[in-house]
Amino acid sequence: MDEAGAILIRKVEVLSGGVTYSLVLLEEDLSSLYPGMIRYTVELKEKESILARFRTNSYEYSPTVPNEPRAVAERVMDRWEKELRSDPAGILSSEHSESPPRNEGDSADVVVIQGSPRPDGNCGILCSWVVEEAEMAGRSVAIIFPHDLDIKPCIGCYQCYNTGTCTFSDDMDGIIHAVSGCDLLVVCSPVYTNTVPAGLKAVIDRFQAFHAERSLGGSNKTQKGLLLGVAGRKGERNFLCVTRVVESFFLNLSMKPLSPFLVDRMDEVRDVRTMPELRARLASAVREGLERS
Ligand SMILES: Cc1cc2nc3c(=O)[nH]c(=O)nc-3n(C[C@H](O)[C@H](O)[C@H](O)COP(=O)(O)O)c2cc1C
């Protein structure tokens, strides 16, 4: 991660077992991400190599928790200094590593998140058309069904802004990896009580960790996002929330949102395959999404 802009607050040198270690406390202003966000980093170094690292940020502390991130970081630094003087092996053997940089090269070109819990419903049919269209264009496709996966809801701990990764390890790891490398992300959502279904919302919120990864580490990748929305009732107003939620999701990940592809009146029509021209219109939306920008 880019350390540029970090201010050195404190530095201590410790001679232990014939080795000189340095402990540093750094402060970074992350208010370009969130108002007033400050991150503190404690690093244990031997010459230039980092042996251990602890991070905390001001958004981790909820209003009822009086801990201040700087005080927490100072306490970690004091503890490490003591441990270094008494038992350096203990601190050096503990796990402090961060994830290696992501290899985006092994992802599919197109990722489809099929947000309907009904695998064989109208969203499922639209997604199968997307897959066929992308494959006809010679592009690889991965399809993801959130409702079949183990995805814990985001708990708002903000620890992803320390490391760029989530504290939970579940099926989101694979989803984030797939999305990180794709050119086109297709999110297909039925309208449930005016918004997206719970399983899809869990996925969207958990992408906060990817927002952290991208914001802290940067990415030059150009990606596009296409929403397919399906509503039971008639009228565009039924998609107001879904389009806002999914557009925010794309923008959060720095993806370019394409015009949403919205299909209403499913309570009457029942089956998208009976709608004239629909498949051809979707094919053309997908082709637009696949154009290199
Ligand atoms: C729990 C639930 C809530 C729904 N809420 C709405 C709604 O607020 N507005 C709407 O137009 N349709 C609503 N619908 C209808 C679905 O959007 C519609 O049936 C859609 O075709 C479902 O997609 P699927 O065929 O892929 O399952 C709801 C359906 C369910 C099961």
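1. In this predicted model, helix α3 (residues 122–136) contributes the most to the shell around the ligand, giving 3 residues. The shell counts 17 residues, of which G121, C123, P190, G232 and R233 come nearest to the ligand. Sorted by class, the shell around the ligand holds 7 nonpolar, 8 polar and 2 charged residues.

2. Helix α5 (residues 172–181) has M172, I175, A178 and V179 as its buried residues. These residues lie on the same side of α5, because they cover an arc of only 125° around the axis. The elements covering the buried residues of α5 include the strands β5 (110–114), β6 (141–144) and β7 (184–190), together with helix α6 (198–206).

3. An open sheet is formed by 4 strands in the order β1-β2-β3-β4, with antiparallel pairing. Its edge strands are β1 (7–16) and β4 (49–57), each of which pairs on one side only, and neighbouring strands of this sheet are turned against each other by 15° on average, direction ignored.

4. Within that sheet, strand β2 (residues 19–29) runs antiparallel to strand β3 (residues 38–46) and is joined to β3 by 8 bridges; V24 has E43 in β3 as its bridge partner. Helix α1 (residues 69–86) lies across β1, β2, β3 and β4, and runs at about 10° to β3.

5. S93, which lies in helix α2 (residues 88–93), counts as exposed because it has 9 C-beta neighbours inside 10 Å, where the cut-off for an exposed residue is 12 or fewer. From C-alpha to C-alpha, S93 and T274 are 63 Å apart in space, and they are separated by 181 residues in sequence.

Key. Residues are numbered from 1 along each chain as its sequence is written. This is a predicted model: local features need pLDDT of at least 70, side-chain atom pairs count only at pLDDT 80 or more; totals for chains, interfaces and linings use all residues. A residue is near a molecule or strand if its C-beta atom, placed from the backbone, lies within 6 Å of it. Helices (H or I, at least four residues) and strands (E, at least two) are DSSP runs, numbered from the N terminus. Ala, Val, Leu, Ile, Met, Phe, Trp, Tyr, Cys and Pro count as nonpolar, Asp, Glu, Lys and Arg as charged, and the others, Gly among them, as polar. A residue is buried if 20 or more other C-beta atoms lie within 10 Å of its own, exposed if 12 or fewer, and partly exposed in between; C-beta atoms are placed from the backbone. The arc is that of the directions from the helix axis to the C-beta atoms. Two residues are in contact if their C-beta atoms, placed from the backbone, lie within 7 Å. Two strands pair if DSSP finds at least two bridges between them. Axes are lines fitted to C-alpha atoms, for helices over the stretch in contact, and angles run from 0 to 180 degrees between N-to-C directions.
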